[in-house]
Amino acid sequence: MKDNIILYHGSKDIIKEPVFGYGNTENDYGLGFYCTEYLELAQEWACSVTHGGYANQYSFDTRSLKVLDLSSPVYISLNWIAILVKYRGVKHLQTEGERNRDYLLENFLLDINPYDIITGYRADDSYFSIARRFLGNGMPFRVLQRALKLGLLGEQTVLKSKIAFTRLKFEGSIGAPQNIYLPKRQARDKKARDDFEALCKEPEQPGDLLMSDIRRLRLKADDPRLR
């Protein structure tokens, strides 16, 4: 990560001073301030079916901050899924799915507490349904890896620590009219769903692993079958 970057936060409000400790604890990576380096993504995220909003722009000094980059080859998609499952929870799993969830959390969950910043994929509701299906043995690991990159939903940068909040400097806000950016958001989501359904129709391949196979074989993150 560069020493100085520009971040955007999509919201229905102009936010000049983000407040540390405020927000939803059940977001992808828990409590934090969720941003992106991509203006148009922030404009899309600012919109809902009831309103437009703003892409709040900040300059951000990252020097000396501890960064967890989940897109690094050091980590695998199961590390990301485990964090999502911990903070967002997964309801209505059958017994096998619960066992898969417990194994995932026990063996692939990273401790994010030491980090000031987390960067990784953004998981809207359509993407979280992918995680739920994987835990229920509804898709192999190979498909999961490909599915996570569908739809170009983009990466997000999440500020987790008090010191990270002090490094933000508000530079202004850019409008996100609902009539322009809500259709773009919906189209991006529809493409992700359509591509995912197409993936799920592909025939099984030799060596495909379901989550129950990963658990049965006691596979860990460094196993070449997961790389």
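**Salt bridges, sheets and helix packing**

Modeller: Let us begin with D223, which forms a salt bridge with R225, their closest N and O atoms lying 2.9 Å apart. The term covers a side-chain nitrogen of Lys or Arg within 4 Å of a carboxyl oxygen of Asp or Glu. This is a predicted model, in which local features need pLDDT of at least 70 and side-chain atom pairs count only at pLDDT 80 or more, whereas totals for chains, interfaces and linings use all residues. Residues are numbered from 1 along each chain as its sequence is written, and side-chain values use heavy atoms, with hydrogens and water left out.

Biologist: Is D223 buried or exposed?

Modeller: Burial is read from relative accessible area, where buried means under 20%, exposed means over 50%, and partly exposed lies in between (1.4 Å probe, protein chains only). D223 is buried because its relative accessible area is 14%, while R225, at 48%, counts as partly exposed. The pair R63 and D61 also forms a salt bridge, with 2.9 Å between the closest N and O atoms; here R63 is partly exposed at 47%, and D61 is buried at 17%.

Biologist: How many salt bridges does a search of the whole structure find, and which residues are linked in a network?

Modeller: As a general idea, side chains of opposite charge can pair when their charged atoms come close. In this model the search of the whole structure finds 18 salt bridges, and R142, R146, E202 and D208 are linked in a network of them. Helices (H or I, at least four residues) and strands (E, at least two) are DSSP runs, numbered from the N terminus. E202 is partly exposed at 30%, as is R146 at 41%.

Biologist: In what order do the strands of the open sheet of 4 strands come?

Modeller: Two strands are said to pair if DSSP finds at least two bridges between them. The order of that open sheet is β2-β6-β5-β4, with mixed pairing, and the edge strands β2 (33-35) and β4 (67-69) each pair on one side only. Its twist averages 20 degrees from one strand to the next. β4 pairs with strand β5 (residues 117-121) in the parallel sense over 3 bridges, and the bridge partner of D69 in β5 is T119.

Biologist: Where does T157 lie, and is T157 buried or exposed?

Modeller: T157 lies in strand β6 (residues 155-159) and is buried, because its relative accessible area is 4%. Contact means heavy atoms within 4.5 Å, and, leaving aside neighbours within four places in sequence, the contacts of T157 include F33, Y34, C35, I117, I118 and T119.

Biologist: Which strands stand at the edges of the sheet of 3 strands?

Modeller: The 3 strands form an open sheet in the order β1-β3-β7, with antiparallel pairing. β1 (4-11) and β7 (168-176) stand at the edges with a single partner strand each, so one side of each is left without a neighbour in the sheet. The strands β3 and β7 run antiparallel and are joined by 8 bridges; F60 has L168 in β7 as its bridge partner.

Biologist: At what angle do helix α2 and helix α3 pack?

Modeller: Axes are lines fitted to C-alpha atoms, for helices over the stretch in contact, and angles run from 0 to 180 degrees between N-to-C directions. Helix α2 (residues 77-88) and helix α3 (residues 95-108) pack at about 115 degrees, with axes 9 Å apart. Their contact involves L78, N79, I81, A82, V85 and K86 of α2, together with R101, L104, L105 and F108 of α3.

Biologist: What is the phi of S64 near?

Modeller: Most residues other than glycine have a negative phi, and most peptide bonds are trans. The phi of S64 is near 70 degrees, a positive value in a residue other than glycine. S64 lies in the loop between β3 (53-61) and β4, and S64 is exposed, with a relative accessible area of 67%.
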